[in-house]
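These are my notebook entries on one protein structure. I set down each item as I looked it up.

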Amino acid sequence: MTLLVVIFGVYCFEKTPVDAFPDITNTNVTIITQWPGRSAEEVEKFVTIPIELAMNPVQKKTIVRSTTLFGLSVVNVLFDDHVDDSFARQQVYNLIKGADLPDGVSPEVQPATGPTGEIYRYTLQSNKRSVRELKTLQDWVLDRQLRSVPGVADVVSFGGEVKTFEVQINPNQLNSYGISNLELYDAIEKCNLNVGGDIVNKGAQAYVVRGIGLISNIKDLENVVVKNVNGTPILVKNLATVKESSLPRLGQCGIGDKNDVVEGMVLMHRGDDPGAVIPLLKKKVADIQAQLPKDVKIVPFYDRTDLINVSVHTVLHNLAEGLILVTIIVFLFMADWRTTINVAIVVPLSLLFAFICLYIKGMSANLISMGAIDFGIIIDGAVVMVEGLFVALDAHARKVGMKEYNKQLKLGLIRRVANDRARAVFFSKLIIITALIPIFSFQKVEGKMFSPMAYTLGFALLGALIFTLTLVPMLTSVLLKKNVREKHNPFTAFLTDNAIRFFYMCRRHKRRALIVSVAVMIAGLSCYFLLGSEFLPELNEGSIYMRASMPSSISLDQSVKLANEIRAKLRKYPEVENVLSQTGRPNDGTDPTGFYNVEMLVKIYPEETWKSGLTKEQLIDKMAKDLSVFPGVDFGFSQPISDNVEEAVSGVKGSIAVKVYGDDLSKIASYSNKIYKILKTVRGITDLGVIQNIGQPELRIELDEAALARYGIDKETVQSVIEMAIGGKSASTMYEGEKKFNIMVRYEKNFRMNESQISKILVPAANGAMVPIGELARIRTITGPLLVFRDNNSRFGAVKFSVRGRDMGGAVAEARAKVDAQIHPDKGYKFVWAGDFENQQRATARLAQVVPISLVLIFIILFVLFGNPRDAGLVLMNVPFAAVGGIVILLITGFNFSISAGVGFICLFGICIQNGVIMVTDIKHNIMSRMPLDKAVEVSVRYRIRSVLMTAMMAMLGLMPAALSHGIGSESQRPLAVVIIGGLVGATLFTLFVFPLIVQGIYRRQIYDKTGKLNERKL
């Protein structure tokens, strides 16, 4: 069986996906709809709201969230835990058809990826070609080929110019020929097509008949006939200038000292293995590079492999050190290489068993699930079993003599001792696994993050239990077949002598020891209220993601200018390797934002190479201070994956946000600004900013119904002219091989630059007259909505912020108190604190509900083990003393109470009970052997010192590397490891020196009568 586990385990280990961090967001489906040229209010009314209404019947959804801005609607449907992508997407596909949308508007359901799906980022650079040419290569070569890689869900392009062919109308020429702009548009729209004429037989051959009329170049387009006047054809070139152009730019990308480049981001299918996808992706990139012109280079900027490799190195380093330390402890205590091997072999076998279970369950391994494994916890059952067998065999050898011992078969003795220990080992492991139940009950972010760890640890414990009960006794019969003698062990003797001396002192001053213990317990538990609180320690991704929020009305050119200055300033830091900036948004609408938004991925060198001695947090503080010279710009700092996850969880670009719900955007903005001013006074709050809803300058053309009626012009005609002449409208497409490009019809720039020129644009009337728009409409400028955020069919605004230099719970509590005291929202308006704080409140509430249930289940297991509530209650007394140790060490080390620390306490409560179980079992065994109570307790303490100290030290030293680690990704492990180490110190001291005294006192009163006679039935 062991050989099969090894073979299959190695296979599963190689096949199990490995990632740096788990995907901690629920399944979501994103629907993107573009309606160019329409204001945010129009898009919300005619696109976003109908799609939201269509999504309301979706089953197992948690929220429908949307962002609407100029020309773009993005609707996200988020689902319950454990809803798979296929179920979610099928519902959305079925219901989206029922959305009542304007003609020509087509919503697109985005590929199944997630916030942690970005695995590769690159820029396309050339010293000869324009960004328009590079963008064309990106869209028609790289995009298509990269999407063919198995596991790639999407390729998002940022920056560059989207190539078009533009017919730039000269209205003076239109007037001179008496042709309307709509006639020109219709002519281009109708002239660009091929037709089929079926088949013509010619002799013995059949000829396919084709009518060729497609426009293939600018010359063809120029020669399109618009109208025939008195036998003279009027061509497009007589009325307009035709040239290659580009769509209006929505964003721009810069890197290093290059201010305008084309960027590509590769997203992986949700749930796929990046370790399998990235090598295939890199191979495809190399193939594409070989096909591109020599001057065009694909320059990688971000590769998830780097983060995975560093994280895996952190985990393997910690695990290797933990294994070595645990093995050393076993050898120090047992002083026998055979028993050390017998115990240590359980570690790799248990891990292989865990990988088998993970593979069967279809789960991946990651930094958090593997980094928190404590080999000491895994093999403590094996230690108890081996130590019991070793002591029993040594006693038997001393009794019969070594010569006779070497001749005898010891299988009966081994079986008997193993059976005696098996019950305690089985129930101890069962209790630890039961203690993990609260982790399985976690929801959303915390559930996705820690449930893999609970599964991995649970599987490893189950494997360890199986091998402890089967393989360990068998190996004992082989390895300890001859010459078993427990040698004098100075290390163990020193610990035992001092421990038993301290126990005697506690027994002599029993009352004082108990009073001190109770006082320490009460004081220690009270220290919990001195701890700060946070959701999770921030995981270090080895890079910095910075967001700069400009004034909402800023132009793209001005925003790019500031972005270039900021990028240059950041590049001067010696710790910074390179900086990539994104201004605005991509053309595909995957990131709904505007020109005011600048995001920068700051690639930094490994911290251990920094000569400045700064930490990453200190570097961020220095950057924030240096960048404060840019007036009117709000800066926020995060990390690439964290930033995506935070936005996916809260719907806002920030780790924590105050959402202001209501109907009136102006009133929402007013409340948001008031909250902003209050939060500025709270210590620890940084990266503060209002996410503006209002602030989009609009040039509004309001049609006059009476004037339209007077001239006999319908609204559709006027709107078509406005759309085409000012914004440009696609009349057709031009093909270049497989590539196709829009043919846009638009007025020359000089005829549409301001209100005066726009008012002169002519609209054809029914009688053939040409009427200026200025006579049909009122043209004025206003400030309208910039962004419209919605949650579950309700508008909201937001104030986003982060917390640094203070615990999150304390900062948010102070902020909430100040906001509640100073702002009283009107009816129909409410404030919701979202993001990490919301996650922390939910997870803490769940802990408060489930931990007591877990303790009740542990009590039931102990009741089954001992057959009475007395012993079960006694063993549970270890829990509060273990909790004291965990709380005190959090205070000493300066950690806040986070969900990671909470998971540490959950594991600790299961671990600390094991030694109590063994101690009570031994005391009862000695009493049944007719030992007096005092002697039974003393003997149990003396003979359990080694196993108690050995298991405790193994568990503590097994986690010591994780507690001391500062490698990338170690942040989530440290609080968990620190809690278990500190808790085991408290639990061990209690188990050895105070717990036996309590057991002695309770037993004296309950299982002995007044004459001192034992009542075995009560035992």
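Entry 1, a strand pair. I began with Lys729, whose bridge partner in β26 is Val745. I then looked up the two strands: β25 and β26 (residues 739-747) run antiparallel and are joined by seven bridges. I take strands as DSSP runs of E of at least two residues and helices as DSSP runs of H or I of at least four, numbered from the N terminus. Two strands count as paired if DSSP finds at least two bridges between them.

I note for the record that the model is predicted: local features need pLDDT of at least 70, side-chain atom pairs count only at pLDDT 80 or more, and totals for chains, interfaces and linings use all residues. Residues are numbered from 1 along each chain as its sequence is written, and side-chain values use heavy atoms, with hydrogens and water left out.

Entry 2, the sheet. I found an open sheet of four strands with mixed pairing, in the order β13-β8-β26-β25. Its edge strands, β13 (240-246) and β25 (729-736), each pair on one side only. Direction ignored, neighbouring strands are turned by 30° against each other on average.

Contact means heavy atoms within 4.5 Å; axes are lines fitted to C-alpha atoms, for helices over the stretch in contact, and angles run from 0 to 180 degrees between N-to-C directions.

I located Gln125 in strand β6 (residues 118-126). Gln125 counts as buried because its relative accessibility is 14%; buried means under 20% relative accessible area, exposed over 50%, and partly exposed in between (1.4 Å probe, protein chains only). Leaving out residues up to four places away in sequence, I list among the residues that Gln125 touches Leu134, Ile255, Asp295 and Val299.

I recorded 35 helices and 32 strands. The C-alpha trace spans about 130 × 80 × 55 Å along its principal axes. Buried residues make up 56% of the 1019 residues. Among contacts between residues at least 6 apart in sequence, 80% join residues at least 24 apart.
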